[in-house]
Amino acid sequence: LLTLWLSDIKNILDVCLVVVTFLWYDAMRQCTQVAQSFDLSGKEWYQTAMAFTVLLYTVVLLLFLKSVLLDFAVFVSGMTNVMKNLFTFLVSLMIVLLAFAGMFTLVFRGTNMCNDTQDDDLSTTENNGMDSRFCTFRDSLATVYFMLLGQIGPDEIDGSTVGKVIYAIFMFIVVILLTNVLIAIVTDSYNHIKSSKAQQVFWYNKFAFISEVDAVAEILPKNKYYERFTEWSRKTWSNWVNFKNFDDDLFDDDEKIEYLLYGLILLVSYFLVLLWLIVGLVSLGLLWPPQVRKFIFGYNVEEVTSTRVTKHSTNHLHERRTEEINGLKEEINGQTEKINVLTEKINVLTEERKMDMEEIKKLLRELKKD
């Protein structure tokens, strides 16, 4: 059970989120107790921790949206599938970048472009200015990476014919070939998820999310006041929708006061509903009526599965046509066999008639002789 729990990355992220939240709460509480302002923007550890915290909350938010919205499920699952399929490509790209970084370092190291400031260590040399981009392996690797992004052109390699040749080879192999391979891998991987596994991934994640929420809800104590509020909000929202959809053409021309009063009440109701939705958003949807939660987090099964039904119908029609064609071929083969049998019978009868005619001719000849 522990192995199964650890195999889901969402569980690990949830634990990290809880731990990080309590750590930041404890840090702010300690600063408050000692009458210090919680402003540690000048400290490097604080900035690093905050950056990773924002990243963690972003990933958790995307995983939550993946569990409740189909488009996010397709996007996150597509990106995950792309990253899995890109592992071999990224390793190959890193090998190529390391190779070209080494070649550029060997070509430019010790030349006038490095200003004679290089040290024996390829990774610890201190260089000056734009002329030292390829004087150390570390700087050369960074320069090659920026060349891949198109931020460094051939003007940075003036003064070395060999360097220009290596640059041309680099542009052909990395920028032209590997970039197109990258586009092909990403497109194929994302389309595979979008076309064949999107609905399966979404409903699997939604079922897992509902199961998790239901398990947590069973642990928490029931609140009768919240249940009453939920029932009241359901009825109130239904009444408002019916009031909003009321046909104003039913008012007669002499009922202008009633019509104006209806419009005024409708305007005020829109304002109150807007406040209701804002309060529900602040409460993370708890104060929304069930209809709103269903509209935002729910899906029409017929809409979601329309693509699957269409694809299934197309495949079924194709199978039926294939079966009909195969049946016609079998019937044609059967009729051909019958025709062949009849042809053989006709040939046999023809031979028998020839033999009878020969016997008749022979008898007539014998009669003539007698």
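Modeller: One definition first: buried means under 20% relative accessible area, exposed means over 50%, and partly exposed is in between (1.4 Å probe, protein chains only). This is a predicted model, so local features need pLDDT of at least 70 and side-chain atom pairs count only at pLDDT 80 or more, while totals for chains, interfaces and linings use all residues. Residues are numbered from 1 along each chain as its sequence is written, and side-chain values use heavy atoms, with hydrogens and water left out.

Colleague: OK, how many helices and how many strands does the protein chain have?

Modeller: Helices (H or I, at least four residues) and strands (E, at least two) are DSSP runs, numbered from the N terminus. Reading from that end, the elements go α-α-α-α-α-α-α-α-α-α-α-α. So by that definition the tally is twelve helices and zero strands.

Colleague: And what percentage of the 370 residues in the chain is buried?

Modeller: The chain's accessible surface (Shrake-Rupley method, 1.4 Å probe, and for residues only the protein chains shown count as cover) is about 27600 Å², with 65% of it on carbon and sulfur atoms. Of the 370 residues, the buried part is 22%.

Colleague: Let's zoom in on methionine 147. Which residues is it in contact with, leaving aside neighbours within four places in sequence?

Modeller: Methionine 147 sits in helix α6 and is buried, at 1% relative accessibility. Its C-alpha atom is 8.4 Å from that of methionine 171, 24 residues apart along the chain. Using contact to mean heavy atoms within 4.5 Å, the partners of methionine 147 are Phe104, Phe134, Ile152, Tyr167 and Phe170.

Colleague: Which side chain does threonine 105 join in a polar contact?

Modeller: Threonine 105 is in helix α5 and is buried, with a relative accessible area of 1%. A polar contact is a pair of N or O atoms within 3.5 Å; within protein, one must be able to donate a hydrogen and the other to accept it, and residues adjacent in sequence count only if both atoms are side-chain atoms. Here the contact is 3.3 Å, and the partner is serine 140.

Colleague: Now charges. Which residue forms a salt bridge with arginine 234?

Modeller: Side chains of opposite charge can pair when their charged atoms come close. Counting a side-chain nitrogen of Lys or Arg within 4 Å of a carboxyl oxygen of Asp or Glu, the total is one salt bridge. Arginine 234 is partly exposed at 38%, and both ends lie in helix α8 (residues 224–244), three residues apart, about one turn of the helix. The closest N and O atoms are 3.9 Å apart, and the partner is glutamate 231.

Colleague: How exposed is glutamate 231, as a relative accessible area?

Modeller: Glutamate 231 falls in the partly exposed class. Its relative accessible area is 39%.

Colleague: Last one: what accessible area does the nonpolar patch that includes Ile278 have?

Modeller: Patches are made of residues with over 30% relative accessible area and no salt bridge, joining like charges within 9 Å and nonpolar side chains (Val, Leu, Ile, Met, Phe, Trp, Tyr) within 5 Å. Isoleucine 278 is in helix α9 (residues 256–282) and is partly exposed at 44%. Its patch also includes Leu261, Phe271 and Val282, and together the patch residues have about 960 Å².
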